[in-house]
Amino acid sequence: MSQISLEALKGLVEEEGVSDAELPILSLVVEGKPPAEMKAILGLRSENAVQKKLAPIYAKFRIAGAGPGKLAKLQKILLDRLQSSQGKRKVFIAWVGQVGKLQADGMRDLFKHPQIETFILDQDISLNSLWIQEIEALLESFDYGIICSSKESSENPPVNFAIGFLAGRFQKLWIAYPQREEFSKFLFRFPVIDTGSEESLADLLHQIIGGEVQDSKEWVLFKTSNPVWKERLHQINQQRSDQIRPQESEFIIDLAKRTLSQNPHFLRNTTFQNLVIKFLSDASTYVQNLGVNSSVFSIPLELYPRYLTVLQKEFRICVKAVAIVDSVERFWSNDEGDEIGETANKESERLFVFRSEKDFNASLNFLLMHASHYKVFVTTRKNYIPYAEEYSLRDRPTKWKEDFSLPTKEFAIIEDPATKHQLIAWYDEDNIKDRRSRRLVHFSPVAGEIFQYKEVLSNFLERAKQSQGVFQINVKDKLGYQTVPEEIEIIREELFRKISQEPSKTPGEILQDLQHLRNELMVLESKEEVIQKALEVILNRLRAQTASIFLFSKDGRLHRVGIKGIDVNRKPIENTDFFVESYAPGESFTGKAILPGKDGFGKPWWTNNLSGEASLFETSKREYKKRLGTINSAIAVPLNGQNKTYGVLEVINKIDPITKRALPSHGFLQDEVYWLSAVSSSVAYTLSSLRRKRQNKLFADLSKYLLSNSFDQESVYKEVTWRLISEDTSFKVCILRIKDETGALEVVAKSPGDGDSITWENRRDDKRHPGDGLVGQILQSVDENNPSYVIVPKIDEQIDEFRNKDWVLANQFKSFGCFPLMYKSEVVGSISLYTAYEYDFHRGCKDFLNRVASLVAAFVGRVKEEKLKDRVRKLLDQQLAALPPDLSKLNQNELLEKLSVCQEQQGMVRRQLDPADLQPKSNTYATSQNGYLD
């Protein structure tokens with residue numbers, strides 16, 4: 001958590017009128033300290049004293065309500081103010097070569113952090129120095145700089161010049177390489193980042209944002225665990241191993257020199273010679289970038305219209321494309337655009353996307369001309385851009401092995417009707433964002449990507465059949481375009497003059513929505529209400545076909561407890577009318593999200609090819625396909641409680657918001673994975689809070705029950721075991737033992753009964769003596785304030801230590817715990833618990849069970865004392881009965897003798913029974929708030 005000086009903290013809370021005496025406890029809130037630690041640090045006597053100090057602060061911040069949620073709300077308010085006051089760290093990233101570009105893309109993803117703002121140079125710094133003039137004024141606004149390079153570039157003079165130029169412009173400059181040892185001696189004086197090392201990246205992040213080192217490590221671990229990051233590392237290694245030797249790049253130039261060696265003009269005029277060589281040098285660069293195995297060929301953007309026209313003329317290619325008017329393609333209204341239209345195959349399709357009605361009106365002439373030659377569709381940016389951003393092929397692992405960002409908005413599918421061979425053409429995303437970019441158009445024959453983008457466009461154009469924001473312009477003949485068709489006015493009205501759709505939300509608005517959802521969930525009273533509300537919000541926000549929640553059950557499996565969505569016929573899906581679904585940890589796609597990582601918690605999983613997931617159960621695949629029609633994309637995120645992961649939140653399939661049909665080529669964006677993870681935190685927190693309330697009630701009810709039932713021991717002991725295997729605990733079986741008169745532990749109750757799935761065959765309930773097996777170890781506890789307990793988190797590893805080994809194996813128990821019942825430093829019994837899955841009996845669980853054990857021990861002590869009092873009463877009655885009925889007939893000596901005997905018996909009774917023991921301690925049943933079974 002963040003640390004802050006008291007002076008800085010005071011500036012953050014001035015408007016609330018917080019006093020100087022209240023600042024120390026506020027600083028602990030910022031650091032994320034729980035009340036127990038605050039008590040120790042501030043030297044307070046109890047956690048209640050901490051709450052008393054916080055109470056007036058809650059009032060000043062207008063935080064109402066009760067429970068632990070108030071502390072979390074206060075901490076969030078302070079952290080939001082602290083972050084706002086600190087501002088964002090600005091990081092400048094430059095790169096050299098294809099390997100450097102891959103690293104720069106990785107850095108951009110790593111630095112998608114609330115405290116960091118990044119800027120990536122849009123061109124290779126080794127190609128020329130024009131970029132220096134363009135960005136020199138901007139450099140003053142950056143705090144840090146990173147240059148991503150490789151061994152092949154480390155001794156390049158232009159690169160070294162660029163590094164020297166940038167070195168004095170930032171607070172600190174780092175050099176990033178795939179491997180630390182691969183840089184030149186010139187660069188030894190600069191700090192180096194190994195982009196393949198999580199530790200090195202975490203150190204870099206910590207130096208930039210400060211705070212706790214562990215926070216930076218966790219952020220880096222989260223980012224690098226993404227399959228996209230691993231795929232990028234693979235691309236870097238592949239790129240470095242496939243580097244073309246510099247000599248090969250000069251082959252074409254050498255060939256040209258030999259060809260032109262007899263040309264007198266070339267030989268005599270150096271300017272003419274330099275022009276020709278420069279042209280050939282540029283051509284060799286594009287060929288070199290293609291290499292031997294590459295699937296991407298790039299050419300300057302300005303050449304694209306000419307080559308497209310040639311392909312249409314000579315090979316009659318068919319084109320299916322998206323063109324965002326007045327963006328990258330600025331040639332549609334000039335001669336180049338006309339030539340593309342006049343040479344187009346009549347089966348071609350092109351979607352023109354417009355920003356405004358003004359742009360649409362200005363483009364009518366070329367639209368009608370193009371529509372007279374092939375199929376032309378029109379739409380607006382408001383309709384198309386959100387759709388384009390829905391599918392996220394560039395954010396997931398694909399067959400793409402090179403340093404090229406896949407298209408997300410503008411692209412063209414080029415097909416030769418004769419051979420059926422296809423290409424995909426697209427632009428770098430930077431071409432849209434920054435017009436100073438070195439503009440290139442890329443071509444690739446990768447079949448998988450071509451098919452998916454072809455389908456993406458077809459799905460969008462399907463909307464034209466229902467006039468849903470997309471319209472086809474129909475021109476009857478090639479001369480008809482000179483007259484504007486009547487339907488143009490209808491299209492104009494539909495596209496630009498109807499009430500516009502709700503604009504996309506800003507990151508700040510999204511955070512507000514998340515906080516609003518968290519607040520809405522917190523006021524709900526039941527688990528069922530929380531699940532239904534969360535699923536409803538998730539479906540609407542992600543436009544998913546289904547959303548489900550799975551929770552751990554006592555059998556150690558994830559069971560679906562809620563699902564909402566629509567089936568292939570657009571009918572609602574509910575949990576009760578869908579197949580029963582459950583998974584063990586690691587099973588199928590859902591179960592992978594709950595597998596614990598290094599931190600002991602699960603992690604998100606997502607895919608845009610769910611049907612192809614090898615781990616997906618065939619039954620699940622069959623049932624979901626039958627109900628949904630298809631299964632394409634999915635996200636599964638863990639529900640993490642305070643101590644462990646106890647559930648999974650899952651969504652399947654993107655749907656068209658209008659047709660409500662599943663979109664085969666759409667996937668979930670990384671931002672949507674982050675959003676769903678944030679929602680899962682709110683859901684998990686709310687469900688945990690409800691669970692804690694039920695556990696507190698369980699403890700309070702048990703306390704009340706034990707106080708009100710002093711004599712019916714059999715019923716009390718049975719009730720205790722049943723309550724400890726209720727739905728609010730993780731335990732499958734509970735066995736209660738009480739010490740008998742011989743000092744051995746004897747079974748007095750066990751649950752569940754014969755109606756449950758537990759078998760009791762081959763179980764021996766013989767007594768346990770000190771040191772006799774695992775339970776016998778409990779009798780060695782002597783410290784009431786720190787009782788010893790026996791925990792076996794993995795029964796398989798200690799199975800031979802169990803006296804009822806065959807019974808344990810028959811029921812497939814995975815974990816075991818045994819807790820002593822301590823009363824006045826004496827073990828008076830034990831509670832044994834078994835689980836059906838591996839359970840760590842975390843600190844909260846141990847605290848809870850120790851509290852329950854204290855309650856039961858106090859009851860056992862009361863029963864023991866009642867028996868002792870009954871024995872004393874009987875003894876006194878016997879002595880009184882032994883006295884003669886008429887004492888007046890005894891002489892003095894006989895009377896003194898009888899009195900002496902009575903006094904001796906009375907002394908013996910006093911020695912055996914301390915009057916203070918006859919009353920239960922008032923704090924025995926006090927309810928603590930520290931222990932939970934979450």
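Analyst: Let's start with the lining of the largest cavity, where the biggest share, 3 residues, is supplied by α30. Please keep in mind that this is a predicted model. Rolling a probe the size of a water molecule over the atoms shows where empty space is left.

Here is what that space looks like. You can find the lining by looking for three elements: β21 (733-739), α30 (773-776) and β25 (826-835) each contribute at least two residues. What kinds of residues are they? Sorted by class, the lining of the largest cavity holds 7 nonpolar, 3 polar and 5 charged residues.

The structure has 5 cavities of 30 Å³ or more, so let's visit another of them. The second largest cavity holds about 80 Å³ of space. Around this second cavity you will find Glu 581, Tyr 583, Phe 589, Thr 590, Leu 610, Leu 616, Ser 620, Lys 621, Tyr 624, Ile 631, Glu 650 and Ile 652. Two or more of the lining residues come from each of α26 (588-592), α27 (618-628) and β20 (645-654). Of these, α27 gives the largest share, with 3 residues. By class, the lining of the second largest cavity counts 7 nonpolar, 2 polar and 3 charged residues.

Now for the other spots, beginning with a pair of helices. Helix α25 (residues 527-542) packs against helix α28 (residues 670-708) at an angle of about 170 degrees, and their axes are 10 Å apart. An angle over 145 degrees counts as roughly antiparallel, which means that α25 is roughly antiparallel to α28. On the α25 side, the contact is made by Lys 527, Val 530, Ala 534, Val 537, Ile 538, Arg 541 and Leu 542. Facing them in α28 are Glu 672, Trp 675, Leu 676, Val 679, Val 683, Thr 686, Leu 687 and Leu 690. In this contact of α25 with α28, 11 residues are nonpolar, 1 is polar and 3 are charged.

While you are at α25, look for Asn 540, which lies in this helix. Is Asn 540 buried or exposed? Its relative accessibility is 58%, so Asn 540 counts as exposed. The C-alpha atom of Asn 540 is 9.9 Å from that of Gly 565, a residue 25 positions away along the chain.

With a relative accessibility of 16%, His 373 counts as buried, because the cut-off for buried is under 20%. Between the C-alpha atoms of His 373 and Ile 340 there are 10.0 Å, although the two residues are 33 apart along the chain.

The axes of helix α3 (residues 35-42) and helix α4 (residues 47-60) cross at roughly 90 degrees and come within 8 Å. These two helices, α3 and α4, are therefore roughly perpendicular to each other. Their contact brings Pro 35, Ala 36, Met 38 and Lys 39 of α3 together with Glu 47, Val 50 and Gln 51 of α4. Sorted by class, that contact has 4 nonpolar, 1 polar and 2 charged residues.

Conventions: Residues numbered from 1 in each chain as written. Predicted model: local features only at pLDDT ≥ 70, side-chain atom pairs only at ≥ 80, totals over all residues. Heavy atoms only, no water. Axes fitted to C-alpha atoms, helices over the stretch in contact; angles between N-to-C directions. Helix = DSSP H or I, 4+ residues; strand = E, 2+ residues; numbered from the N terminus. Parallel < 35°, antiparallel > 145°, perpendicular 65-115°, else oblique. Contact = heavy atoms within 4.5 Å. Nonpolar A, V, L, I, M, F, W, Y, C, P; charged D, E, K, R; others polar. 1 Å grid on protein atoms, 1.4 Å probe; cavity = no way out; pocket = protein on both sides within 12 Å on 5 of 7 lines; lining within 4 Å. Points joined across faces, edges and corners; volume = space filled by probe spheres on them. Buried < 20%, exposed > 50% of the residue type's maximum accessible area, 1.4 Å probe, protein only.
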